[in-house]
Amino acid sequence: MREIKFRAWDGKRMLTGECLYWNGISFVSGVWNFEEEYIPTENQVAVEVMQFTGLTDINVVEIYESDIAQCDRGLLWVIKFINGCFMACNPVDENDYCMIDDYPLAVVGNEFQNPELLEQS
């Protein structure tokens with residue numbers, strides 16, 4: 001059984017290990033107090049949530065949705081959740097994708113912090 005973990009991008013930084021709360025419109029970051037009440041952070045913003053795939057790359061780096069990975073042939077792929085599976089997707093052709101364990105992959109960044117990697121492909 002794989003570990004269920006998430007991370008989130010708040011537009012400035014990657015959030016890991018922080019509380020995320022669904023406010024009915026989007027996920028936002030915040031904290032819970034001892035009375036189990038949600039307390040929004042001062043700069044509460046909507047976040048992009050990414051799920052851990054349960055797999056690691058060739059360097060034992062955890063692979064998450066929206067990661068950019070490079071295969072042994074030098075091609076870049078974006079990790080997406082499609083039809084109930086985590087897939088490696090061609091950033092140029094969204095109809096070109098494969099299972100993320102079809103090729104040895106190395107995570108080289110993600111769509112949010114490293115968009116320039118996708119401009120090169």
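Guide: What follows is a short chat about salt bridges in this predicted model.

Visitor: How many salt bridges are there?

Guide: The count comes to four salt bridges.

Visitor: What does Asp67 pair with?

Guide: Asp67 forms a salt bridge with Arg7, and their closest N and O atoms are 2.3 Å apart. This pair links distant parts of the chain, with Asp67 in strand 8 (residues 67-71) and Arg7 in strand 1 (residues 6-9), 60 residues apart.

Visitor: Is Asp67 buried or exposed?

Guide: Asp67 is buried, with a relative accessible area of 2%. Arg7 is buried too, at 10%.

Visitor: Why do they count as buried?

Guide: Buried means under 20% relative accessible area, and the values are 2% for Asp67 and 10% for Arg7.

Visitor: New topic. Which residue does Asp10 meet?

Guide: Asp10 forms a salt bridge with Arg13, with 3.6 Å between the closest N and O atoms. Asp10 counts as buried at 18% relative accessibility, whereas Arg13 is partly exposed at 43%.

Visitor: And Lys80, what is its partner?

Guide: The side chain of Lys80 meets that of Glu111 in a salt bridge, 3.3 Å from N to O.

Visitor: Where do those two sit in the chain?

Guide: Lys80 is in strand 9 (residues 76-82), and Glu111 is in the loop between strand 12 (105-110) and helix 1 (115-120). They are 31 residues apart, and the pair links distant parts of the chain.

Visitor: Buried or exposed, or something in between?

Guide: Lys80 is partly exposed, with a relative accessible area of 33%. Glu111 is also partly exposed, at 23%.

Terms used:
Residues numbered from 1 in each chain as written. Predicted model: local features only at pLDDT ≥ 70, side-chain atom pairs only at ≥ 80, totals over all residues. Heavy atoms only, no water. Helix = DSSP H or I, 4+ residues; strand = E, 2+ residues; numbered from the N terminus. Buried < 20%, exposed > 50% of the residue type's maximum accessible area, 1.4 Å probe, protein only.
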